[in-house]
Amino acid sequence: MASPHRVAVTGLGVVAPSGIDARQMFGRLVDGESFIRLHTIDQPPRPVTQPAIHCADFSPEAHIGKALASTTDRSVQMALTACFEAWLDAGLSRDKEGRHDYGVSWGSALGSTSTWERGYREMWQNGRDRLPPLAVVLGMSNAAASHISIQLGLGNSSLTYVAACASAAAAIGEGYKRIRNGEARLMVTGGSDVPLAYAVMKAWDALRVVAQGDADTAPASCRPFHPGRSGLVLGEGAATLILEEWEHARARGATILAEVVGYGTCSDHSHLVRPDRDGQIRAMRLALDDAGLTPDDVDYVNAHGTATVEGDAIEVDSLRALFGDRAAQVPVSATKSMHGHLMGAAGAIEAVTTVLALAEDALPPTAHLDAIDPACEGVRHITGSALRGTDARVALSNSFAFGGCNAVLAFRKAAPA
Amino acid sequence: MDTLTVIREFLVDRLEIDPARIQPEATLEELQIDSLMLVELIFECEEKYNVVFERDVRSPKNIGELVSIVDEFVVEAQKAKQA
């Protein structure tokens, strides 16, 4: 077998409340700024209100045009917007013929939820007995990957990974593997989700794992590792990483932002919602083994850190076990405290954050962490604002999902040219 | 509202094209109306006239042919409703 190909990250894109700009978002994360606000969906039988990430200023028509916007679900609109941004960021041209060695690997936990919910309401609440003919193609779970493939001319694989909160991390990891194994030269990877649909918000509320808050307290309602944490905050959005075979990127003069060096995925095979320490350790070890690295090489961990009571404690326990005596020196943060939990896009927005943390030598904090739960002690929590000047070289981005799906990505800082 | 206007309004909104391009002699191909959009157009006409066509619309070559088919089907459907 030929030696594996190195995989470069050459473009980033996000749709977040901070705008359609990954670096702008990162700039606010390093300052510890939360994008979380109280969000209400005012629909029958009664309004639902939660702290949430809502991209209120997102205008799909402005980013993808009216024709595409009128034939796509909001999650797909966000996916396309993030991909167009990342494509541009990578210095790629959109006026070329399609390429069969370029593909898309996308993550979504929920698919086109808004479309289906609107259809159900039309039928069961408003008494309509027909749905518009586009409902099928608007609602299919692989709609984002399909549109990305069509719009960017990606003729290699077009696959969608559904693994709850690890969907995007799995999509990035599987895309990375295709390049590493010589099956593709460039993969558009990432994820998108819009959980701000009435039934989705109610369903999560019923699980009693959603952070509570009012208009004043909502921004600080998601508090990973804090003794007063009360749960996660649902968020809508999308994030994209352009992954590219190293020499292909160099040959076209692309700026290499970081290198994907490892990917580990495994199943807890134990419980639907209770995270498993051994499964998490195994996933992190698999990623490091894949990278040819050891725990001693890791300089930063972007934790899954959803701010659930049990989940955070188990993840820190896993990190303590992985890093051993060195655990207290390893910087860790949970950026969901600021950008929320983007479900099937979570792994992507955190991968973007991790890449920029290495590139800009600024490790973002866990916001609102003015006290640490004793059960979450034993690692170097980043509090307040970013930890700068550590010259971090290697970082892990953890995604530990419901269903016991674990996916961990390992990134290395790009060597100076 | 006549059928040509219904079709024109839908296409202008969807494709953001000059309404003057949507003339009876304009082909579906030149307006980039694919089979999926044709189904949408039929649905739009059914909604506007509050009917459901009994038959599938055969592939019209141009907008004029599409208008004729829709008008014919609307009459049929309205008769069926009254019966």
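The legends below describe several close-up views of a predicted model. Residues are numbered from 1 along each chain as its sequence is written, while chains are lettered from A and ligands numbered from 1 in the order in which they are written. In this predicted model, local features need pLDDT of at least 70 and side-chain atom pairs count only at pLDDT 80 or more, whereas totals for chains, interfaces and linings use all residues.

View 1. Strands (E, at least two residues) and helices (H or I, at least four residues) are DSSP runs, numbered from the N terminus, and two strands pair if DSSP finds at least two bridges between them. Strands of a sheet pair through backbone hydrogen bonds, either parallel or antiparallel.

View 2. Strand β4 (residues 102-107) of chain A runs parallel to β5(A), to which 4 bridges join it; Val104(A) has Ser158(A) in β5(A) as its bridge partner.

**View 3. The crossing of helices α8 and α14 of chain A.** The axes of α8(A) and helix α14 (residues 346-359) of chain A come within 5 Å and cross at roughly 65°. Ser167(A), Ala168(A), Ala169(A) and Ile172(A) in α8(A) meet Ala346(A), Gly347(A), Ala348(A) and Ala351(A) in α14(A), where contact requires C-beta atoms, placed from the backbone, to lie within 7 Å. This contact of α8(A) with α14(A) has 6 nonpolar, 2 polar and no charged residues, with Ala, Val, Leu, Ile, Met, Phe, Trp, Tyr, Cys and Pro counted as nonpolar, Asp, Glu, Lys and Arg as charged, and the others, Gly among them, as polar.

**View 4. The surroundings of Phe225(A).** Phe225(A) lies in the loop between α9 (198-206) and β7 (234-235) of chain A. Phe225(A) counts as buried because it has 28 C-beta neighbours inside 10 Å; a residue is buried if 20 or more other C-beta atoms lie within 10 Å of its own. Beyond its neighbours within four places in sequence, Phe225(A) is in contact with residues including Gly305(A), Asp312(A) and His381(A).

Terms used: Axes fitted to C-alpha atoms, helices over the stretch in contact; angles between N-to-C directions. Contact = placed C-beta atoms within 7 Å. Buried ≥ 20, exposed ≤ 12 C-beta atoms within 10 Å, placed from the backbone.
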